[in-house]
Amino acid sequence: MSEYRIDEGMEVTLHFTLKLEDGAVVDSTKEKAPATFQLGDGNLPPGFEAPLKGLTDGDTGSFEIAPEHAFGQHNPQNIQRLKREDFGDEVLEVGMVMSFSDPSGGELPGVISAIDGEQIDVDFNHPLAGRTLTFEVEVISVKPATTH
């Protein structure tokens with residue numbers, strides 16, 4: 001049994017399952033290696049870290065995470081209308097995920113949300129925006145993070 005509890009600066013190893021409102025599993029480590037991260041390192045949105053604080057080895061929990069603490073509310077301003085010619089010869093379908101360059105040169109995924117003749121709507125919201133998620137965890141170990 002660890003004397004450590006999850007808090008800032010702790011390295012946490014855990015199994016997690018992320019579910020939608022209807023119980024559909026979005027992501028899970030159950031069938032693979034557990035996730036290891038340092039609290040506050042940006043690997044988990046803050047809304048997922050907050051309920052973990054105070055847990056220790058062997059603890060389990062199931063937490064409902066509201067959209068504003070998960071991936072944000074769906075924002076209509078994140079839907080951009082582009083011209084068909086911007087896509088070249090690419091065959092486009094609604095629901096298709098494409099990669100775009102953001103102003104700083106990074107990759108930004110977008111989902112084709114509507115095709116209206118020469119106008120293509122691309123939704124840049126996170127696919128889980130606006131969703132309330134259930135975050136189930138099984139803590140395997142908690143220890144002070146080692147700095148390299």
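Modeller: Buried means under 20% relative accessible area, exposed over 50% and partly exposed in between (1.4 Å probe, protein chains only). This is a predicted model, where local features need pLDDT of at least 70 and side-chain atom pairs count only at 80 or more, while totals for chains, interfaces and linings use all residues. Residues are numbered from 1 along each chain as its sequence is written, and side-chain values use heavy atoms, leaving out hydrogens and water.

Colleague: Are Phe16 and Phe135 buried or exposed?

Modeller: The structure holds five aromatic pairs (ring centres within 6.5 Å; planes under 30 degrees apart are stacked, over 60 edge-to-face, the rest tilted). Phe16 and Phe135 form a tilted one, 6.1 Å centre to centre with 45 degrees between the planes. Both residues are buried.

Colleague: How many residues apart in sequence are the parts that this pair ties together?

Modeller: Phe16 lies in strand β1 (residues 10-19; a strand is a DSSP E run of at least two). Phe135 lies in strand β9 (residues 133-144), so the parts joined are apart in sequence by 119 residues.

Colleague: Why does the pair of Phe48 and Phe71 count as tilted?

Modeller: Their ring centres are 5.9 Å apart. The planes stand at 50 degrees, so the pair is tilted.

Colleague: Which is buried and which is partly exposed, Phe48 or Phe71?

Modeller: Phe48 has a relative accessible area of 3% and is buried. At 27%, the partly exposed one is Phe71.

Methods:
Phe/Tyr/Trp six-rings, centres within 6.5 Å; stacked < 30°, edge-to-face > 60°. Helix = DSSP H or I, 4+ residues; strand = E, 2+ residues; numbered from the N terminus.
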